[in-house]
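Trainee: I have a model open and would like to learn how to read it. Can we go through it feature by feature?

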Amino acid sequence: MKENYHYFCESPLSPYTNKTAGLNFVPACDYPFLNKGFNDDALWEEGDCSIRFSDATPNYGVVTAIYVSVALFGLAFAISNFYKTYKRRPAGSAFPSRSETNQMIMVYYATMNLLVCVDPEKRSGFLTHPNNLAYNLISGTMLTACYYMLARLVCSWAAVINGGFSKTVIIPTWLKAMSYF
């Protein structure tokens with residue numbers, strides 16, 4: 001670690017001691033790779049980039065296993081609920097119904113959550129290399145799925161409250177307009 005300390009803190013090429021060099025700082029290894037001596041000075045070799053950042057993080061595999069197991073449970077639960085909803089559908093009814101659509105959104109969300117949980121702290125470069133595009137797309141679609149589900153549920157709730165037992169469904173205009181955002 002003293003080589004790391006020297007490189008980052010004492011060296012004239014350090015981005016933290018020389019302000020002009022900091023603008024042109026190029027790390028020794030591309031993300032997510034590190035020198036195998038990152039945690040142990042005895043193993044340090046100049047130009048070596050043989051381990052991932054996740055390998056240098058203690059217990060990262062255990063953390064990932066816990067996250068993935070919880071995400072798998074959530075995915076199994078969502079698929080089970082979709083299957084139960086699909087089986088209860090009356091014969092001849094239009095597919096998909098509102099509840100089936102909600103369950104499909106939850107299956108999609110649980111699947112994307114499982115992908116994100118494979119590398120929960122983004123240290124192995126599974127979804128983050130080279131420019132976070134995959135991670136950002138997955139996170140954005142997960143957020144969109146949550147907002148869409150929220151809008152559907154709120155509109156359904158407002159229709160039930162405002163409609164009561166009558167056959168006409170009244171959704172307030174402001175609520176319908178907000179569901180598009």
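Trainee: Where in the protein chain is confidence lowest, and where is it highest?

Mentor: Start with pLDDT, the predictor's confidence in each residue, from 0 to 100. Where pLDDT is low, the predicted coordinates should not be read in detail. Here the lowest confidence is in helix H2 (residues 19-22), with a mean of 49, and the highest is in H3, at 92. The protein chain averages 77, and 72% of the residues score at least 70. Helices (H or I, at least four residues) and strands (E, at least two) are DSSP runs, numbered from the N terminus.

Trainee: How many aromatic pairs does a search of the whole structure find?

Mentor: A pair of aromatic rings is described by the distance of the centres and the angle of the planes. Rings of Phe, Tyr and Trp (its six-membered ring) pair if their centres lie within 6.5 Å; planes under 30 degrees apart are stacked, over 60 edge-to-face, and the rest tilted. The search turns up one pair. Phe82 and Tyr86 have ring centres 6.2 Å apart and planes at 25°, so they count as stacked. Both sit in helix H3 (residues 60-87), four residues apart, about one turn of the helix.

Trainee: Is Ser124 buried or exposed?

Mentor: Go by relative accessible area: buried is under 20%, exposed over 50%, partly exposed in between (1.4 Å probe, protein chains only). Ser124 has 15%, so it is buried. Tyr86, from the ring pair, is partly exposed at 35%, and Asp30 is exposed at 59%.

Trainee: Where does Ser124 lie, and which side chain does a polar contact join to the one of Ser124?

Mentor: A polar contact is a pair of N or O atoms within 3.5 Å; within protein, one must be able to donate a hydrogen and the other to accept it, and residues adjacent in sequence count only if both atoms are side-chain atoms. Ser124 is in the loop between helix H4 (98-117) and helix H5 (133-163). The side chain of Asp119 is its partner, in a polar contact of 3.0 Å.

Note on methods
Residues are numbered from 1 along each chain as its sequence is written. This is a predicted model: local features need pLDDT of at least 70, side-chain atom pairs count only at pLDDT 80 or more; totals for chains, interfaces and linings use all residues. Side-chain values use heavy atoms; hydrogens and water are left out.
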